[in-house]
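Have a look at the protein below. Turn it slowly and follow the chain before you read on.

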Amino acid sequence: IEEMGQVNFLFSDKTGTLTANEMVFARCHCGGADLGEFRRSADGTEGGGMVETRRLLLSSKEKDPLFEPLLNMFTCLAVCHSVQVQLKDGQPNFTGMSPDEVALVQVAHDVGSSFRSRVRKKAGNTSEIILSGPGQSERKFTVLHELAFTSDRKRMSVIVRHRSAIWCITKGADSVMEGLLKEKFPEACNRDLTHFSKQGLRTLVIGMRIVNTQEYEMWDAEYTTARNIIDESKDERMAEVAARIELGLKLVGITAVEDKLQEGVPETIDLVKAAGIRLWVLTGDKTETAVDIARSCRLFSGNTTMAFATGAVDVEHAVRLLQDAHTSLSASDDTGLVLDGTTLLHAMGNDVCRKLIYDLGIVARSCICARLSPMQKLELVRLVREQNRRAITMAIGDGANDVPMIQGAHVGIAIRGKEGTQALQASDVAISYFRFLVPLLLCHGRRAYRRIAIFTCFYLYKNVVLLMADAIWMHQDKFRARIVFPEYLSIGLNVVYVTWHL
């Protein structure tokens, strides 16, 4: 605990750590356009986007050009998830490990495409999802396979049968999804992605395609074979086979979800920076989203000189970006650095780049790293420990993806959040909110450090006194090998004079 009073670098997750992990569906892009605001206003009035979308779906105006895209999108949101539902007084209550998924399923229900039940079939590994709406209609989807989200894949897919057709529905990060689509994002899509990100919203891209029966049967046989592998190559082989069926998708839409900051986060970050601690926020979100959140929580102020080292295509490009960033930050006091996972992917294997990243961490008072995987978070912690062996590092997070970072730092702090207990089990200390970091560092950590320092000094002083007394006595007694103090006094000194009053 005394190391908390000596922290030099603080590595923090964003979602669930700085933010409350309470997701609210904010906006979406569908049919080539931004549908407008879905959030309620301060007086409780529904957003215009919510009202208009519900009107279009419930009126069943097939002639409206937006009807089919909207129906497809909110059907995909109501089917592609791992959420559970319980009916209370006829109204569904959605629960799940991911607040993002719950928010997406909830908005699908609100506009008229409601997830009503999930029933696992006795024979086989399939389950049946029942949707109600729009209107009085009821639709059934048989889930053949669920390809779970992982930090490496950055997407989730379900293979479902609806009537006689087999659908592959995928949702994931735009950086991954663009490579899976038949065509690149249109200009309107890129514009809305940037617009949503600059508002600090978390974006997901939804895609789907119809899989013909013969292709599915061949893929199913390969996937079953991969799933039955019993050696270490199982996960890699399953991911490789899963990726094949996710190719050639058609863009369905983009969702944007708001995750509000926790109470007291800006004030806490101000105090941490004032204490001389360098704060790095490591997140998997888009760069624009991460930068907007960094501004709102005062990681970056309006006067902060910022340098971007993002989008590197190779090691040489990464070196140039890092060197340019170092040059632009060296002349300022209030500085901020922005890195991304692509640049770090090329940079972390190069010794010159590793040294530059650490030097930038010293020059910049705060840093934000976007689009990172859990292992890249760990690599950054290790980089600081490797470059400066005297620096004390602290990592704070709330989910399973933060466990490597928490275990890699000198001090690991977990926040009791909504993403399970893995982080709690891996941490040294658990707290409920990010703002509790202030008393932890400036009170408990400082006092523990002072107590250890006083005890160490007193312990050395006590031994010096004993040795000097023996040295003086030896000369006075003419080295006759007699002791100056009775043995019981020497033995009792630690108990009576040192331990008792401390």
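The paragraphs below go through ring pairs, nonpolar cores and a pocket.

This is a predicted model: local features need pLDDT of at least 70, side-chain atom pairs count only at pLDDT 80 or more, and totals for chains, interfaces and linings use all residues. Residues are numbered from 1 along each chain as its sequence is written, and side-chain values use heavy atoms, without hydrogens and water.

Start with the rings. A pair of aromatic rings is described by the distance of the centres and the angle of the planes. Rings of Phe, Tyr and Trp (its six-membered ring) pair if their centres lie within 6.5 Å; planes under 30 degrees apart count as stacked, over 60 as edge-to-face and the rest as tilted. The whole structure holds 12 aromatic pairs. Take Phe9 and Trp280: their centres are 6.5 Å apart and their planes stand at 75 degrees, so this pair is edge-to-face. It links distant parts of the chain, with Phe9 in strand β1 and Trp280 in strand β13, 271 residues apart. Helices (H or I, at least four residues) and strands (E, at least two) are DSSP runs, numbered from the N terminus.

Phe9 has 2% relative accessibility, so Phe9 counts as buried. Trp280, at 1%, is buried too. Ring pairs also join Phe9, Phe11, Trp280 and Tyr358 into a cluster.

Now compare Trp219 and Tyr223. Their pair is stacked, with 4.9 Å from centre to centre and 15 degrees between the planes. Both lie in helix α6, four residues apart, about one turn of the helix.

Next come the cores. A nonpolar core is a set of buried Ala, Val, Leu, Ile, Met, Phe, Trp, Tyr and Cys residues joined through side-chain atoms within 4.5 Å. The largest one has 43 residues, and Phe38, Phe74, Val160 and Ile169 have the most contacts inside it. Helix α2 gives the largest share of this core, nine residues. A second, separate core has 35 residues, including Leu329 and Leu360.

On a 1 Å grid over the protein atoms alone, a pocket is an open set of points where a 1.4 Å probe fits, with protein on both sides within 12 Å along at least five of seven lines; lining residues have an atom within 4 Å of a point. Grid points are joined across faces, edges and corners, and a volume is the space filled by probe spheres set on the points. The largest pocket holds about 1200 Å³. Of its 43 lining residues, Ser98, Asp100, Phe149, Arg202 and Asn401 are the closest to its centre. Helix α3 gives the most to this lining, with four residues.

Conventions. Buried < 20%, exposed > 50% of the residue type's maximum accessible area, 1.4 Å probe, protein only.
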